[in-house]
Amino acid sequence: MDDFSTGGTELREALSHLRVLNRIFGAAAPTLHGVQKIWREAGRPDSLTILDIGSGSGDVNQHLLRWADMNQIDLKITLVDITEEACEEARHYFRDEPRVQVMQRDLFDLQEKSVDVVTGTQFVHHFAADELHNVIQSMLKVSRLGVVINDIHRHWIPWAAVWLTVRLISNNRYILNDGPLSVAKGFCADDWKHLRKTLDLPEMFFSWRLLFRYMVVIRKSKL
């Protein structure tokens with residue numbers, strides 16, 4: 001899915017199948033946990049704005065909306081993706097949800113301090129190691145309170161699990177290729193420690209979460 005030269009209905013089908021994988025592997029939980037952490041440390045505000053970058057169809061945000069309902073939070077979510085297909089799929093998926101808007105845009109073109117929290121679920125592994133510095137700094141620039149990153153643990157067990165699962169649920173070439181590849185391009189604890197050191201972010205917190213994911217929280221208010 002890193003190749004934007006092709007797309008169309010096959011890419012939209014891949015996004016649909018990705019929602020199934022997200023449910024199977026509990027993709028939403030680390031993002032929700034990270035947003036809750038920032039919200040609590042910000043004093044539990046009554047309203048919150050979130051921008052989900054590289055959102056795909058944005059399905060993980062359903063969990064954030066339910067959490068907001070339970071806590072009576074006025075939540076507004078902006079889904080941002082660079083591909084037209086992802087934006088179309090997201091608009092369809094959230095067609096009856098007025099709290100969600102969709103925008104086709106590049107991360108590096110977003111307005112400074114335009115939302116409270118920027119999230120990236122399975123987003124940053126799409127970038128090369130020498131690009132991560134600019135990616136995370138750009139996410140921080142857009143946010144007022146902080147950033148939540150939820151990405152895959154690079155390990156042979158999740159690689160094997162994803163390799164098998166995608167072949168059980170899909171014959172879509174994007175999913176068959178990019179599912180295992182995403183795990184291979186994921187992260188381990190040393191990667192996050194190195195990134196925290198090179199970015200000079202003492203308030204950057206990360207933890208391993210089920211199923212084979214890392215939750216990374218960067219509180220901007222304490223930088």
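The lining of the largest pocket in this predicted model comprises 25 nonpolar, 13 polar and eight charged residues. Among the 46 residues of its lining, Thr121, Gln122, Phe123, His125 and His126 lie closest to the centre. Two or more lining residues come from each of the helices α1 (8–24), α6 (156–169) and α7 (173–184) and from each of the strands β1 (47–53) and β2 (74–81).

The second largest pocket has a volume of about 240 Å³. It is lined by 15 residues, of which Ala129, Leu132, Phe187, Asp191 and His194 are the closest to its centre. By residue class, this lining divides into seven nonpolar, five polar and three charged residues. At least two of the lining residues are supplied by each of α5 (132–142) and α8 (189–199), and α8 makes the greatest contribution, with five residues.

Helix α8 also lies across part of the sheet, namely β5, β6 and β7, and runs at about 175° to β6. The sheet itself is open and consists of seven strands in the order β3-β2-β1-β4-β5-β7-β6, with mixed pairing. Its edges are formed by β3 (100–104) and β6 (204–209), each of which pairs on one side only. On average, neighbouring strands are turned by 20° against each other when direction is ignored. Within this arrangement, β5 (residues 143–152) and β7 (residues 213–219) are paired in the antiparallel sense over seven bridges. Glycine 146 stands opposite arginine 219 of β7.

How values were computed
Residues are numbered from 1 along each chain as its sequence is written. This is a predicted model: local features need pLDDT of at least 70, side-chain atom pairs count only at pLDDT 80 or more; totals for chains, interfaces and linings use all residues. Side-chain values use heavy atoms; hydrogens and water are left out. On a 1 Å grid over the protein atoms alone, a cavity is a set of points where a 1.4 Å probe fits but cannot get out, and a pocket is an open set with protein on both sides within 12 Å along at least five of seven lines; lining residues have an atom within 4 Å of a point. Helices (H or I, at least four residues) and strands (E, at least two) are DSSP runs, numbered from the N terminus. Ala, Val, Leu, Ile, Met, Phe, Trp, Tyr, Cys and Pro count as nonpolar, Asp, Glu, Lys and Arg as charged, and the others, Gly among them, as polar. Grid points are joined across faces, edges and corners, and a volume is the space filled by probe spheres set on the points. Two strands pair if DSSP finds at least two bridges between them. Axes are lines fitted to C-alpha atoms, for helices over the stretch in contact, and angles run from 0 to 180 degrees between N-to-C directions. Contact means heavy atoms within 4.5 Å.
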